[in-house]
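Trainee: Could you show me how to read a protein model, one feature at a time? I would like the general idea and then the case at hand.

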Amino acid sequence: MNSQNFSLSEKLVSCSYVRQGLQARRGHEQLVRVLLQQGKCPEEGWSESTVELFLNELAVMDSNNFLGNCGVGEREGRVASGLVARRHYRLIHGIGRSGDIAAVQPKAAGSSLLNKITNSVVLDVLRFTGVRSVSSCFVVPMATGMSLTLCFLTLRHRRPGARYILWPRIDQKSCFKSMLTAGFEPVVIENVLEGDELRTNLEEVERKIEELGAENFLCVHSTTSCFAPRVPDRLEELAVLCAKHDIPHIVNNAYGMQSSKCMHLIQQGARVGRIDAFVQSLDKNFMVPVGGAIIAGFDESFITEISKMYPGRASASPSLDVLITLLTLGANGYKKLLAERKELYGHLAQELSALAERHGERLLHTPHNPISLAMSLTRLQTHSAAAVTQLGSMLFTRQVSGARVVPLGVEQTVSGHTFRGFMSHTDAYPCPYLNAASAIGITRDDITLCIKRLDKCLKSLSKEAPAEKSESGSPAEDLVLIMTALKINKKILSSILMHYAAKL
């Protein structure tokens with residue numbers, strides 16, 4: 001209610017009570033005022049009542065909610081189900097216009113304001129998570145793969161003669177298909193093995209540029225967040241090469257916002273070389289439903305050009321979801337989640353390392369990957385090649401989601417291109433392995449349960465495996481394998497071994 005309505009209320013209810021209510025109302029309004037003035041994520045999160053009050057006031061600014069509205073067009077924000085209307089807070093018109101996803105809609109001032117505020121708040125989050133010099137961004141209602149395609153299609157107008165996209169290999173289908181969908185031919189650069197890590201082959205990148213000609217490349221398509229043992233691309237070096245050869249550079253930063261290391265790589269790459277745009281997922285970084293991404297960059301005119309490439313209006317759902325989430329968490333709440341994720345990464349690494357040691361495996365050494373970890377499955381492979389893939393299905397049926405088991409020698413054809421060693425990001429990784437990730441929102445209980453169930457699965461598979469003669473063929477080693485298979489009591493086993501050793 002406005003101040004006049006509050007004054008009228010004093011005729012019905014004690015003025016002291018009404019004034020108290022007015023003060024409470026002004027508390028909500030002050031939070032909204034600061035948001036509109038600064039366009040930044042609030043330091044402290046809002047209550048649900050403040051968020052809902054704000055959204056309801058935005059909704060009444062849209063024409064479909066006008067009391068006297070008379071719609072005779074083909075798109076009037078009509079909704080048949082009240083449940084659907086409430087689900088969207090009656091913000092039905094979506095965002096943008098037919099020529100620009102960032103444009104203001106005459107029929108929907110509230111939805112347009114929602115869109116502008118969301119983009120401004122997200123830009124603030126990009127800056128305080130590490131990319132301080134980012135100049136512009138917008139939320140697009142498509143997941144990461146299609147958002148990358150939109151970037152490539154925009155670059156087509158700048159480089160009409162380009163045919164190729166140079167792509168350091170990452171075995172994730174949507175990354176590869178994003179380039180094909182845009183009509184370009186990916187030039188796949190195989191990674192190089194450094195210790196356990198798979199890293200960018202910079203020499204091969206430069207050789208391909210010289211071989212095919214810089215003018216024939218639409219862009220370099222690099223990656224930050226990825227499954228270990230692959231690690232983030234050498235963004236600084238790639239950015240320097242792109243600047244040197246005047247080739248655009250698009251970064252797939254899918255779930256990299258939650259990692260200060262990934263964000264630092266983007267910031268440094270833009271500082272020393274060239275990065276035109278970087279794309280990140282909403283669901284992976286902000287724990288909202290799948291269906292949205294953020295396209296951001298350092299040249300506001302180019303980001304505007306991408307937004308104008310989007311055909312037609314767009315759903316406001318992703319913008320609404322991320323705005324509600326960030327207003328509820330506040331900057332401090334989001335930073336706390338990032339700090340907890342980073343701390344639990346160390347805990348997951350310790351637990352996975354200890355588990356691996358107990359089963360004769362090891363945690364692969366991948367210090368350049370700040371989110372994902374990998375544990376070898378070499379010993380399991382020696383028991384049975386089928387046991388490796390069986391482990392994956394066992395974990396899934398035991399409700400361990402997200403863990404990836406990567407066997408050796410898998411071939412996969414994606415849109416006509418055959419990848420050898422698919423899922424391992426290289427033709428022939430030295431060993432099979434299992435992935436686990438410490439992503440935003442993970443809890444200590446998640447890690448405890450995962451390790452417990454993984455331990456049981458590995459024990460079960462070890463028991464099922466036939467006892468094999470050791471390489472040395474020594475009687476003592478054979479005896480240990482037999483006793484283990486028969487599950488003989490440790491004390492009995494110890495006395496037998498001592499007796500046996502005395503005779504050797």
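Mentor: Let's begin with burial. This is a predicted model, and 49% of the 504 residues in the protein chain count as buried.

Trainee: How many helices and strands does the protein chain have?

Mentor: The protein chain contains 18 helices and 14 strands. Its C-alpha atoms fill a box of roughly 105 × 65 × 40 Å along the principal axes.

Trainee: Let me try a single residue. Is Gly-96 buried or exposed?

Mentor: The test for buried is a relative accessible area under 20%. Gly-96 has 2%, so it is buried. You will find Gly-96 in the loop between helix 4 (82-87) and helix 5 (109-128).

Trainee: Which residues is Gly-96 in contact with, leaving aside neighbours within four places in sequence?

Mentor: They are Ile-101, Ala-102, Ala-103, Gln-105 and Arg-313. For a sense of distance, Gly-96 and Arg-404 are 308 residues apart in sequence, and their C-alpha atoms are 39 Å apart in space.

Trainee: Where do database annotations come in?

Mentor: They point to positions you can then look up in the model. An unreviewed UniProt entry has a "binding site" annotation that covers Arg-75. Arg-75 sits in the loop between helix 3 (48-59) and helix 4, and it counts as partly exposed at 24% relative accessibility. Beyond its neighbours within four places in sequence, Arg-75 is in contact with His-93, Gln-105, Lys-107 and Arg-313.

Trainee: Which residue does UniProt list for "modified residue: N6-(pyridoxal phosphate)lysine"?

Mentor: The unreviewed entry lists Lys-284 under that label. Lys-284 belongs to helix 11 (residues 282-286) and is partly exposed, with a relative accessible area of 36%. Setting aside residues within four places in sequence, Lys-284 is in contact with Ala-254, Tyr-255, Gln-258 and Ile-440.

Trainee: What else does UniProt list for "binding site"?

Mentor: The unreviewed entry lists Arg-271, Arg-398 and Lys-463. They span 193 residues in sequence and the farthest two C-alpha atoms are 54.8 Å apart, so they do not all gather at one spot.

Trainee: Where are Arg-271 and Arg-398 found?

Mentor: Arg-271 is part of helix 10 (residues 260-272) and is exposed, at 57% relative accessibility. Arg-398 is in the loop between helix 15 (385-397) and strand 11 (404-406); at 37% relative accessibility, Arg-398 counts as partly exposed. Not counting residues up to four places away in sequence, Arg-398 touches Arg-453 and Cys-457.

Trainee: How should I check for disulfides?

Mentor: A disulfide is a covalent bond between the sulfur atoms of two cysteines. To count here, a pair of cysteine sulfur atoms must be within 2.5 Å, and the count comes to zero disulfides. Cys-226 is in no disulfide, as the nearest cysteine sulfur, that of Cys-262, is 7.4 Å away. Cys-226 is buried, with a relative accessible area of 2%, whereas Cys-70 is exposed at 65%.

Trainee: What should I look for in the backbone?

Mentor: Most residues other than glycine have a negative phi, and most peptide bonds are trans. In this model, the peptide bond from Ala-228 to Pro-229 is cis, with omega near 10°. Pro-229 lies in the loop between strand 6 (217-223) and helix 9 (235-245).

Trainee: Which residue has a positive phi of about 50° although it is not a glycine?

Mentor: That is Ser-415, in the loop between strand 12 (411-414) and strand 13 (417-420). Ser-415 is exposed, at 52% relative accessibility. Met-423 also has a positive phi, near 90°. Its place is the loop between strand 13 and strand 14 (433-437), and Met-423 is partly exposed, with a relative accessible area of 25%.

Methods
Residues numbered from 1 in each chain as written. Predicted model: local features only at pLDDT ≥ 70, side-chain atom pairs only at ≥ 80, totals over all residues. Heavy atoms only, no water. Helix = DSSP H or I, 4+ residues; strand = E, 2+ residues; numbered from the N terminus. Buried < 20%, exposed > 50% of the residue type's maximum accessible area, 1.4 Å probe, protein only. Contact = heavy atoms within 4.5 Å. UniProt positions renumbered as here; feature names shortened; annotations may be inferred.
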